[in-house]
Amino acid sequence: MTALLGQTLPVLRENIAGYRAAWREAGHAGDGDVVVMVHAHVSDRPDLEDYLRPAMHGYLRAYRSQTAASGEDEAVLLESAYLNFLQGPSLLGTPDKAAGVLGLLREAGADEVGFLVDFGLPTDDVLAALPALFACIPAERAR
């Protein structure tokens, strides 16, 4: 199990290839399974970027408090990290974006994707967005 936090898609691809090579070198059958955890909230709502911002800033603030030294301009760092999530390979955004990211994760070698939906949004909003997220799953994987 891995996540995209702290690694790019090309690095993920390299890490999966390295994992699979080590798996086989250790004498295990098959390729091993790779699950990639990805933040997810799929919606066509026009204010999605503004809607997600407070929850993601809170989530990233909590993550940062565990990993980073203080003294940096926190607001700038949080907004930069949030925009990287929003514009990068997350499932935060429109159905088309999410479907594209799922394809990129598959190409990188992921066997499964774990949806991180618990980053601070109201429960009712998370549940209401699940059908749009599930609709992005390729038909041959939705078994």
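Student: What is the relative accessible area of Arg-24?
Tutor: Please note that this is a predicted model. Arg-24 has a relative accessible area of 44%, so it counts as partly exposed.

Student: Which residue does Arg-24 meet in a salt bridge?
Tutor: The partner of Arg-24 is Asp-31, with an N to O distance of 3.0 Å. Asp-31 is partly exposed, at 40% relative accessibility.

Student: How many salt bridges are there?
Tutor: The count is six salt bridges. One of them joins Arg-20 to Asp-111, where the closest N and O atoms are 2.4 Å apart. Arg-20 belongs to helix H1 and Asp-111 to the loop between helix H4 and strand S4, so this pair ties together parts that are 91 residues apart in sequence.

Student: Is Arg-20 buried or exposed?
Tutor: Arg-20 is buried, because its relative accessible area is 12%, under the 20% limit. Asp-111 is partly exposed at 25%.

Student: Which residues are linked in a network of salt bridges?
Tutor: The network links Glu-49, Asp-50, Arg-53 and Glu-79. Within it, Arg-53 and Glu-49 have their closest N and O atoms 3.0 Å apart. These two are four residues apart in helix H2, and therefore about one helical turn separates them.

Student: Changing topic, what is the volume of the largest pocket?
Tutor: Its volume is about 390 Å³. The lining has 22 residues, and Leu-5, Gly-6, Leu-60, Ala-81 and Phe-85 lie nearest the centre of the pocket.

Student: Which element gives the largest share of that lining?
Tutor: Helix H3 does, with five residues. By type, the lining divides into 14 nonpolar, seven polar and one charged.

Note on methods:
Residues numbered from 1 in each chain as written. Predicted model: local features only at pLDDT ≥ 70, side-chain atom pairs only at ≥ 80, totals over all residues. Heavy atoms only, no water. 1 Å grid on protein atoms, 1.4 Å probe; cavity = no way out; pocket = protein on both sides within 12 Å on 5 of 7 lines; lining within 4 Å. Points joined across faces, edges and corners; volume = space filled by probe spheres on them. Nonpolar A, V, L, I, M, F, W, Y, C, P; charged D, E, K, R; others polar. Salt bridge = Lys/Arg side-chain N within 4 Å of Asp/Glu carboxyl O. Buried < 20%, exposed > 50% of the residue type's maximum accessible area, 1.4 Å probe, protein only.
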